[in-house]
Amino acid sequence: MTPTLTIDQQTIPITGERNLLELIRKANIELPTFCYHSELSVYGACRLCIVHVEGRGLLSACSTLPQADMVVKTQTQEIRNMRQIIVELLLARHDQSCTTCPKSSNCQLQDLAQKLGIKTNRFKLRPNSFPIDESSDALVRDPNKCVLCGDCVRICSEIQSVGAIDFANRGSAAMVMPCFGKDLSKGECVYCGQCARVCPTGAITIKSEVEKVWGLLDDPRSFVIAHIAPAVRVALGEAFGFESGQQTVGQIIAALRLLGFDKVYDTAFTADLTVIEESTEFISRLEQGGPLPQFTSCCPAWVRFVEQFYPEFNKNLSSCRSPQQMFGSLAKSLIPSQINRDRKDVKVVSIMPCTAKKTEAHRSEFITGGERDTDYVITTQELIRMIKQAGIRFGELESGSFDMPLGFKSGAGVIFGSSGGVSEAVLRYVVNKSIDFLEVRGIDGLRETSIMHEGREIRLAVVSGLHQARLLLERIKKKEVIYDLIEVMACPGGCIGGAGQPVYHDESSRKKRAKGLYENDRTMELHCAQENPYVQELYTTMLENPGSKKAHSLLHTRYKNRKRNIGEDITISAASENRKVEITICFGTHCFQKGAQTLTRQLSDYLHINQLNRWVEIKASFCYEKCQKGPLVKIDSQVIEQATMDKIVSQLLMILKV
Amino acid sequence: MKKSAFRKFDKVCDILALHKLNPARLIPILQAVQEEYRYLPEEIIAFIASSLHVPAAKVYGVATFYSHFTLKPKGKYVFKVCDGTACHVKRSMGILDAIREKLKLKEGESTTLDLLFTVETVSCLGACGIAPVLVVNEDVHGQMTPEKTVILIDHILQKEATHE
């Protein structure tokens with residue numbers, strides 16, 4: 001017999017629920033929570049989900065295991081009082097500039113205060129005045145609005161395994177902050193924005209570029225182009241009463257035209273182009289024997305993750321720019337001559353489900369002649385704001401259609417918005433057939449499949465969430481698994497679950513959005529990128545062949561090692577003379593194990609005995625990437641691989657003689 | 001003699017190796033490193049974090065959580081004035097004032113510019129029987145008075161002067 005327990009006089013069967021809160025929700029009672037997310041570990045800090053368990057008193061439901069025959073009360077005078085006090089205490093140290101807060105109307109604290117009917121606050125207000133961190137291009141941190149629920153900290157470390165932010169200090173001084181209390185842009189953040197997605201208040205929000213876009217639209221000299229990412233079209237409608245996953249692309253196009261955009265194109269066009277370029281690159285890697293596996297490079301948070309934490313895999317990233325950056329570069333090369341305008345008059349605004357795309361647009365590789373290829377990136381949320389600001393009745397709009405040719409796409413380009421979509425699109429190219437690869441679809445964990453191509457088995461893996469990606473990379477490093485192509489999207493579920501999308505609180509909306517994209521693909525005429533006639537035409541008129549020199553200059557990029565983002569070099573022996581030689585010894589894990597410390601000791605002794613101390617400065621540094629060739633030592637600008645004392649001394653003496 | 005930067009860094013490497021680069025040993029590692037430097041310098045925290053493959057923000061969180069750790073350089077002599085209930089009643093604050101005056105510490109300062117002295121208060125050292133208590137580094141001084149404290153500081157200053 002199934003064990004049961006009693007919740008507010010209802011008898012509820014226990015069927016493997018992880019905690020009491022899940023069971024209570026099953027009984028159709030929505031307990032308030034700040035710190036509980038089903039995808040994260042249980043934290044039990046906010047104490048809002050307290051319930052009364054007979055014989056045990058008040059317990060937080062999220063951190064209590066359901067047991068047979070428990071008698072649970074979710075509403076008593078005592079509980080109501082406690083919840084009220086908790087919220088009042090939070091409000092007492094919360095910056096209450098609600099009317100001007102970007103999170104207003106979406107804020108869980110505001111919502112809760114309303115629901116609990118809090119009319120006055122009995123506690124003395126203790127507003128903080130910490131500086132607001134606007135250092136990054138993607139996110140804004142306002143510590144004055146933080147309720148210390150730790151959702152951001154946990155999603156950053158558990159789901160993304162980045163750990164860019166954490167709690168610091170203690171007691172009433174506790175705060176969430178990046179390392180050393182520095183700006184977000186100085187740390188290890190990859191700007192996926194999942195922290196902003198789970199933040200119940202306005203403590204971490206998306207950095208808005210709405211005002212800048214209005215400025216462009218108002219400027220008569222600018223010819224403003226918008227392009228819409230696939231995932232946006234199945235989520236934006238949620239803000240106007242549509243179901244998650246319901247296609248509203250026609251209305252979005254119509255709204256963009258009303259807002260004053262000169263052309264409205266589809267990012268899925270350059271997604272098609274990405275499929276062709278990336279598949280061509282992949283096939284050539286297969287033929288030339290590597291480097292494999294090839295990683296997809298559409299997701300800028302993933303790209304940054306590799307550059308920062310696994311630069312040894314930089315060469316595995318496809319050299320293809322993301323569809324957003326392909327679009328910017330292509331549009332700015334094609335359109336000015338078509339409309340007889342200067343390149344600098346043409347402005348590209350991309351509508352993205354993503355916060356990392358904002359940072360990507362600022363990368364120096366994507367700046368041509370002093371102008372960004374993508375001028376501004378606005379998220380789904382920001383476009384919703386613009387539509388509301390303009391007073392457009394979104395639901396009543398007549399469907400518009402994309403401008404041609406950059407608005408034409410195949411279904412392959414559309415499914416990019418869901419985790420597994422890029423792989424499926426590439427597979428359709430490689431086998432040159434429209435097949436549904438159901439194995440790579442879905443949300444959870446690792447998905448894999450293999451196909452035969454010219455007598456060779458091609459093994460594919462798909463993951464979303466950077467923690468999953470890290471696990472996979474570690475297994476690849478240990479040679480436990482072998483794959484040829486790996487698709488990674490930083491956000492769970494892919495772009496549909498991006499941080500720029502309307503805030504969602506349950507998993508089902510993510511699933512519905514994915515379903516919406518696949519349905520869209522099904523109803524389309526073409527399903528393979530290579531069938532897109534306008535893409536074919538683009539190759540004939542401009543790009544020559546996939547992977548051509550021209551294609552490379554416009555559509556491909558390079559990556560760099562960003563491992564040494566945090567922390568300065570450590571000076572371990574200073575020089576007193578002005579004309580000094582700088583010797584930097586790598587103390588990354590590999591070099592450490594290969595004897596960097598012994599080398600440093602020997603060098604220090606050598607300098608001491610030969611009285612060279614005052615001419616030579618020794619520094620310890622973090623990882624120079626080429627770990628296989630350690631220990632690495634840099635003398636001035638010269639890097640010595642597999643360094644030995646002999647090598648170091650001969651180089652040093654050579655410099656000192658000069 | 002001042003330990004050279006090299007010797008200290010070399011010791012950090014030894015400490016990390018001793019604990020087998022095990023992230024679960026973070027607190028003992030930080031304790032041992034703080035012994036060396038008398039505080040936790042930022043670049044060393046970053047180095048420890050990268051060596052242990054733990055996010056630097058997490059190590060910073062641990063280092064700021066425990067009052068034992070300090071991110072600012074402390075003096076060679078750390079004066080801990082007990083301000084637990086018993087010591088407080090026995091006028092421990094007078095001792096604190098005397099030290100601060102003697103060392104010419106301005107408001108908000110706790111370490112002298114020459115990095116010789118640091119003054120802090122602690123809540124109960126468990127030696128209430130000999131209140132008020134002052135601890136200098138590891139040495140416990142019971143039944144202190146402002147006068148005795150000033151003499152103690154003079155002794156230290158003399159010792160330091162002859163050493164140099």
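Predicted model: local features only at pLDDT ≥ 70, side-chain atom pairs only at ≥ 80, totals over all residues.
## How the chains are laid out

Chain A splits into four domains: domain 1 covers residues 4-75, domain 2 covers 97-206, domain 3 covers 215-555 and domain 4 covers 568-657. If you take the C-alpha centres of domain 3 of chain A and domain 4 of chain A, they sit 45 Å apart.

Chain B has two domains, with domain 1 running over 5-65 and domain 2 over 77-163. Their C-alpha centres are separated by 29 Å.

## Where the two chains meet

How many residues does the contact take from chain B and from chain A? Chain B puts in 26 residues and chain A puts in 31 residues. The size of an interface is often given as the accessible area lost when the parts come together. Here the area buried between chain B and chain A is about 2,400 Å², and carbon and sulfur atoms give 67% of that. Three residues of chain B to look up are F6(B), F9(B) and Y60(B): they supply 24% of the area that chain B buries against chain A, more than any other three residues.

There is charge pairing across the contact too. Side chains of opposite charge can pair when their charged atoms come close. Between chain B and chain A the count is 4 salt bridges. One of them joins R601(A) to D14(B), with the closest N and O atoms 3.1 Å apart. You'll also find 8 residue pairs in polar contact between the two chains, counting pairs where both residues have pLDDT 80 or more.

Which elements of chain B give two or more residues to the side that touches chain A? They are α1 (5-18), α3 (42-52) and α4 (56-65) of chain B. Of these, α3(B) gives the most, with 8 residues. Sort the residues on this side of chain B by type and you get 16 nonpolar, 5 polar and 5 charged.

## A closer look at helix α3 of chain B

Is α3(B) largely enclosed or largely open? It is largely enclosed by the rest of the structure, because 8 of its 11 residues are buried. The buried ones are I44(B), I45(B), A46(B), F47(B), I48(B), A49(B), S51(B) and L52(B).

So what does the covering? Both chains take part: the cover includes β20 (570-573) and α19 (589-593) of chain A, together with α1, α2 (26-37) and α4 of chain B. Just after α3(B) comes H53(B), which takes a positive phi of about 55°.

## Salt bridges through the structure

Over all chains, the structure holds 50 salt bridges. A few make handy examples. K344(A) pairs with D342(A), their closest N and O atoms being 3.7 Å apart. Both partners are partly exposed: K344(A) has 49% relative accessibility, and D342(A) has a relative accessible area of 45%.

Now compare K347(A) and D375(A), whose closest N and O atoms are 4.0 Å apart. K347(A) lies in strand β13 (residues 346-352) of chain A, while D375(A) is in the loop between β15 (371-372) and β16 (376-379) of chain A, so this pair ties together parts that are 28 residues apart in sequence. K347(A) counts as buried at 13% relative accessibility, and D375(A) is buried too, at 7%.

Chain B has an example as well: the side chains of K76(B) and E160(B) meet at 2.9 Å, N to O. K76(B) sits in the loop between α4 and β1 (77-82) of chain B and E160(B) in helix α7 (residues 146-163) of chain B, so the pair ties together parts that are 84 residues apart in sequence. K76(B) is partly exposed at 39% relative accessibility, whereas E160(B) counts as buried at 11%.

## A network around a buried arginine

Salt bridges can also share partners, and here they join E424(A), R428(A), D436(A), R441(A) and D521(A) into one network.

Take R428(A) from that list. You'll find R428(A) in helix α14 (residues 421-430) of chain A. Is R428(A) buried or exposed? With 0% relative accessibility, R428(A) counts as buried. Besides belonging to the network, the side chain of R428(A) reaches the backbone oxygen of I435(A) at 3.1 Å.

Notes. Residues numbered from 1 in each chain as written. Chains lettered and ligands numbered in written order. Heavy atoms only, no water. Domains from an automatic or database assignment. Contact = heavy atoms within 4.5 Å. Buried area = accessible area lost by both parts, 1.4 Å probe. Polar contact = N/O pair within 3.5 Å; in protein donor to acceptor, adjacent residues only side chain to side chain. Helix = DSSP H or I, 4+ residues; strand = E, 2+ residues; numbered from the N terminus. Nonpolar A, V, L, I, M, F, W, Y, C, P; charged D, E, K, R; others polar. Buried < 20%, exposed > 50% of the residue type's maximum accessible area, 1.4 Å probe, protein only.
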